[in-house]
2 protein chains.
Amino acid sequence: MTSPVNTQVIRVARLHRTVAAQLLREMGLHPGQELLMMQVWDHGPQRQSALSEALDVDASTLTRTVQRLEHAGFVRRNRCSTDGRAWEVESTKAGLALRERVLAAWDELEKITLNGLSEAEVAALSSALARVEGNLCEFARGSVETC
Amino acid sequence: MTSPVNTQVIRVARLHRTVAAQLLREMGLHPGQELLMMQVWDHGPQRQSALSEALDVDASTLTRTVQRLEHAGFVRRNRCSTDGRAWEVESTKAGLALRERVLAAWDELEKITLNGLSEAEVAALSSALARVEGNLCEFARGSVETC
DNA sequence: CGCAGTTACTTGTTCGACCAACTAACTCCC
DNA sequence: GGGAGTTAGTTGGTCGAACAAGTAACTGCG
């Protein structure tokens, strides 16, 4: 078999996203949006630059995700008082109303993913993924500093 | 921390794809396309339905990937002689010319990903990913049969 | 034979994600 | 103060990926 881990990563990622989409669908969210909402719920109103760094996505990706969430009414943007270029993103009431369901879906997704693995296996998997993430990040960024 | 493995899967997937994109870029391929090419190289001309099943992607995704690869000159389509609805997808000479470089890139990606992990750790990771894939697949498909 | 149902592929639409190029606003330093 | 350089966010384009809905061709059964 040629390079099975590459293939496994790709397949697991796609399936994981598909399952996430199924779970999030009924609350009107798409995969990726829940991460932004969770970040805002947990850490309050934040600039897009902070979100983009926390979620580790491109600024342009973030812009469009925020636009869609704003359009859907889950998020609001206010001009930053101290920096005229920046926006602060904040959850609306409608956004907050999703919180419990999203967290439940997130837990369920984790359970589905790890079904049948022992605690030790989960720990090993998690630590292996952390190292893989470090490896990939180092290569992608060209340095180990920002990982 | 809330549900760390979910997050890890998502981050690793994105980084893995980003690194793949960097490696494939210079040969004019995008992530996902290399999987199709490898499938065709390894198993010869195939119908799109076979490809879509082998790569486990939606038929519509496959259609467009084939269209782009065809447009790029890496792949050719011929009407299937025994079934007027189907197409057989085949690598062109230009496609075949990429083979060595793609396989090298694929190996490098695997090496980058697994850098610093022992053989035993890789084996454990791979087996854990296989089980996770089974779990997710079962949920996504609603049955264990097709996994 | 001919119609019903299935299968193979396509198209439209939406979304995440990236890169590249751009604007507007801030900062720093002469 | 004012220009050079940086930072924040946006827009345009492209691609993978999915779902939904559609067309054309095959299959099976009465």
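Helix H2 of chain B is followed by B:Gly44, whose phi is positive, near 70°. Helices (H or I, at least four residues) and strands (E, at least two) are DSSP runs, numbered from the N terminus. This is a predicted model, in which local features need pLDDT of at least 70, side-chain atom pairs count only at pLDDT 80 or more, and totals for chains, interfaces and linings use all residues. Residues are numbered from 1 along each chain as its sequence is written, and chains are lettered from A and ligands numbered from 1 in the order in which they are written.

In helix H2 (residues 33-43) of chain B, the buried residues include B:Leu35, B:Leu36, B:Met37 and B:Val40, along with B:Gln33 and B:Glu34. A residue is buried if 20 or more other C-beta atoms lie within 10 Å of its own, exposed if 12 or fewer, and partly exposed in between, with C-beta atoms placed from the backbone.

**Chain A**

Chain A has seven helices and three strands, in the order α-α-β-α-α-β-β-α-α-α along the sequence. Its C-alpha atoms fill a box of roughly 55 × 40 × 25 Å, taken along the principal axes. Of the 147 residues of chain A, 32% count as buried. Among contacts in chain A between residues at least 6 apart in sequence, 45% join residues at least 24 apart; two residues are in contact if their C-beta atoms, placed from the backbone, lie within 7 Å.

**The contact between the chains**

Chain A and chain B each give 41 residues to the contact. On the side of chain A that touches chain B, helix H1 (4-25), helix H6 (99-114) and helix H7 (119-141) each supply at least two residues. H7 of chain A has the largest share, 16 residues. This side of chain A divides into 23 nonpolar, eleven polar and seven charged residues. Ala, Val, Leu, Ile, Met, Phe, Trp, Tyr, Cys and Pro count as nonpolar, Asp, Glu, Lys and Arg as charged, and the others, Gly among them, as polar.

A rotation of 180° with 0.0 Å of shift along its axis superposes chain A on chain B (RMSD 0.0 Å). That is the relation of a two-fold axis. Copies are superposed by least squares on the C-alpha atoms of residues with pLDDT of at least 70 in both. The copies meet through the same surface, because 100% of the interface residues of chain A are also interface residues in chain B.

The axes of H7(A) and H7(B) come within 10 Å and cross at roughly 110°. Axes are lines fitted to C-alpha atoms, for helices over the stretch in contact, and angles run from 0 to 180 degrees between N-to-C directions. H7(A) and H7(B) are therefore roughly perpendicular to each other (65 to 115 degrees; under 35 is roughly parallel, over 145 roughly antiparallel and the rest oblique). A:Glu121, A:Ala124, A:Leu125 and A:Ala128 meet B:Glu121, B:Ala124, B:Leu125 and B:Ala128 there.

**The DNA strands**

A residue is near a strand if its C-beta atom, placed from the backbone, lies within 6 Å of it.

| DNA strand | Residues around it | Closest residues |
|---|---|---|
| C | 26 residues | A:Gly84, B:Ser49, B:Ser60, B:Thr63, B:Ala86 |
| D | 27 residues | A:Ser49, A:Ser60, B:Gly32, B:Ser60, B:Gly84 |

For DNA strand D, the elements that give two or more residues are H1, helix H3 (48-54) and H4 of chain A together with H4 of chain B. For DNA strand C, H4(A) supplies the largest share, five residues. The surface near DNA strand C has five nonpolar, twelve polar and nine charged residues, and that near DNA strand D has six nonpolar, twelve polar and nine charged residues.
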